[in-house]
Amino acid sequence: MTITTEALREVALTRVEYDQVVELLGREPRPVELGMFGAMWSEHCGYKNSRPLLKKFPTTGPRVVQGPGENAGVVDIGDGIGIAFKIESHNHPSAVEPYQGAATGVGGIVRDIFTMGARPIALLNSLRFGSLDSPRTRYIFDGVVGGIGGYGNCLGIPTVAGDIFFDDSYTGNPLVNAMCVGVVDNSAIMRAKASGVGNLVVLVGADTGRDGIHGATFASVENPEESHRGVIQVGNPFLEKLLLEACLEVLQTEHVVAMQDLGAAGLTSSVVECASSGDVGIEIDVQKVTRREQGMNAYEVMLSESQERMLVVVREEGLEDVRAIFDRWDLHSDVIGRVTGDGNVCIMDGEAVEVNVPASFFVDQCPTYVRDGIESARIANARAFDVDSLPDLSREDVGDALHALMASPNICSREPVVQTYDHTIMSNTVLPPLAGDAAVVRIKGTNKAIAVKTDCNPRYVYLDPYVGGMHAVAEAARNVSCTGAKPIALTNCLNFGSPEKPEGYYQLERAVSGMADAARALETPVVSGNVSLYNESGNEAVFPTPTVGVVGLIEDVSTAVGMTASSGAVLLLAGQHSATIGGSEYLKQRHGMTAGAPPSLDLDLEIRVQKFVQDAIASRMVHAAHDTSEGGLLVAVIEMLDGSLGSALDFSCLASENGGRLDRLYFGEAASRIIIAAAPTQVEALRTLAEAADVPLAEIGRVNTSGVLRMDDATSIPILDLHDSWASGLKR
Amino acid sequence: MRFGVVTFPGSNGDHDALSAIELGLQQEVAPVWHKDRSVDGFDALIIPGGFSYGDYLRAGAIARFSPIMEAVTDFAQQGGPILGICNGFQVLAEAGLAPGVLLRNANLSFSCRWVHTRVETGRTAFSNGLQPGTVLRLPIAHGEGRFFVTPEELAHLEERQQIVFRYCDEYGNDDPLANPNGSTDSIAGVCNERGNVVALMPHPERAYDPLLGGDEGLQILGAVLRSGVEAAVGR
């Protein structure tokens, strides 16, 4: 029998990969086996293009309790408490059905957290869209924001932080990355590792339908709109809430040996992963699986991506207790199989054997590819462009440029979005969205808190993937540091175009290297993550977007600070004085260009600046801190002022290091710098601290009650006008 | 005083209510399961926020048929203090224990932020001892919180002092812009005629610690300590 090209396309395997399957099995695969190989050997499940690259990431450290490879990573914050967290993409579904795509993205990442036995306490999301001027983008944007809120609000998990960025490269392929953070007793972490021959495999939650069949496979091909029709899952957050509470209750018993949620590739991946990581076999009978519709065959049952389902491996003597808990929560559960000793995944359809394959074939034998990347000449040329050859901004135009930047979709207020997310539920939110550079969530029953933030400036990564990758890690960590937290670990979601194109592979490879180097330097190991490749439409890849989510620890929650400066405060710039308009928001806004070299990044200085700010906050010398990112120094200062305040700024001490150019001085971007606000009486002590820490510190202004921003004795702008520009950016 | 917090499938404010009573008010509290049929041993009940039964059909419409609601109704009829918060308001309104109905917010969007509310009467179980005019800063988080009654019903509520909280500006003044959801007459909370059942959309149980942005919710939760004991004794 020869396999048709059509059949191979359906499971997204190459002919060479198919031949590998035949060789492994010593025979042609049965139809269900072939479907399962397609799913497990997809990029989404098998990481076949990224696995060799991911080895570059540092994944260990004194706080790491669980590194990559489980449903989520876990870090120790002391007192036996672990923080479980992970970020994951749901890009392709969101391109086609934005509300459900985003909603089920939230549902999936939340399940990953409570599968570990952790109580989810915070959600974040990192979103990328095309220009809001397009009605299609507006529809996707509204749908995605609605889906995130609709699902998260219903679950009762606060959505506390995130980031949104707009660029035309995302028009046909938006990015929706959801991150969840949970709290777990380190001694009670549950893993997806089946054990104990004879133990029972229980499927609980939603009935299994035809929705989402081939979702994992199709996440790994290009042109989401064409490929995804009919495979989008529909979320039921109410059911997930019951599943969450019931699973956490079941894990309080002694009866559960493993738990694995059903996400991409449904039963296929959860059964295979449970068996493979436990080095055991699992036998299930698809006839025992309760279906949502009649006439489903074994293939459909195994590849369904119906949401809100969980696989639980239970000791036989505990089955009654476990099912009693599920019953109490009105959740349907079926015993669908058993753990076996032969290492095989065996799928029965009544008496018929549909699959009998060693679990390791699906996982360990998944082919991996190391390719040769080549930088795109077009991008190399764009980077080589000398941004200082552009005419400088005249002083008269500073006000206009500032207004335009404040209203830019990439800078303007996220208030209209965050207001639709419940961020006060669970009564832990100390710094809500927009109050600080990162959200701060207290850990009940302790004096501690965590700070969390996602970030990635994709323009920097596009122009220079290595430096941009470093920036993504450094900026997310810097944001966390600005609340007073010490960054302790990170998760990432690698959103890239096709790795099969040398230019795409180059970006992936270089960005991962940059991220790995920064993560190592900042001592923030990578404990979990997700890879989403093939983010392309019309043959054009999205900007390479390695989203980074950082978790930081605050030992004394009462020391945490936000970004709002009080009247009378002195504003000081800690760190880098020199900025560039290369890759900046200003360059895009004013000159319509994505070009030039992005800001350089000196990791040693970065570490010193972050440490200095953490120390200054911990010793209560500083009452506000804010990172300067897109838009540069002036935008950052305005973001620190509430509408009733004003400020007199004097940037003269920075002028020479910015070549005397106003565009660089006011709107240039740079890493390793943080604006801090302090009472005048603290300035001397801060100078001493900065000197000891070898961190440049410059006084750049004072906060007053004038309601006016006065710059270098030359330009004055009412703050309320700027706030109006800022507040209106996302509105129609 | 011993509080009970009712958990329906889909409730998600139950954890906060339990925390607020235990950590904020430092009173005894225990969860009450929706399949239970008794609330014996409790001096006050909280019907918390969330999405009971996924808010399918209509917010609160299914929860009112839960087995526990019979006991809750008896408790109310005996004068027991009951506080319905957010989805709990919707449940009590559906059950006929609180007046009015709750519609989708006027802007058709979920809204999470801090608002100011003014105490309109101190005669209820959960405003006892509070001066009318007292301004409380509380969080809201709802998509269907637009309180609605007809003008006749409104007059009726006014007359019987059943309006307990109104949205206002930070100084306590009426301001249409301070009404976050389009509620009739800026009404944020109401009570039954007797005043023992109070229902409101803002979340006092999320405002029990200055660390979280405010602790003025404790004034509402704590008011029952004064009135509740009398009510409990009277039953």
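Me: What should I keep in mind about the model and its numbering?
Reply: The model is predicted, so local features need pLDDT of at least 70 and side-chain atom pairs count only at pLDDT 80 or more, while totals for chains, interfaces and linings use all residues. Residues are numbered from 1 along each chain as its sequence is written, chains are lettered from A and ligands numbered from 1 in the order in which they are written, and side-chain values use heavy atoms, with hydrogens and water left out.

Me: How many residues of chain B are in contact with chain A?
Reply: Contact means heavy atoms within 4.5 Å; here 29 residues of chain B are in contact with 30 residues of chain A.

Me: What area is buried between the two chains?
Reply: Buried area is the accessible area (1.4 Å probe) that two parts lose on being put together, summed over both. Between chain B and chain A about 2,300 Å² is buried, with carbon and sulfur atoms giving 58%; on the chain B side, B:Trp33, B:Cys112 and B:Leu211 lose the most area to chain A, together 24% of what that side buries.

Me: How many salt bridges are counted between chain B and chain A?
Reply: A salt bridge places a side-chain nitrogen of Lys or Arg within 4 Å of a carboxyl oxygen of Asp or Glu. The count is three, and A:Asp422 forms a salt bridge with B:Arg206, where the closest N and O atoms are 2.8 Å apart.
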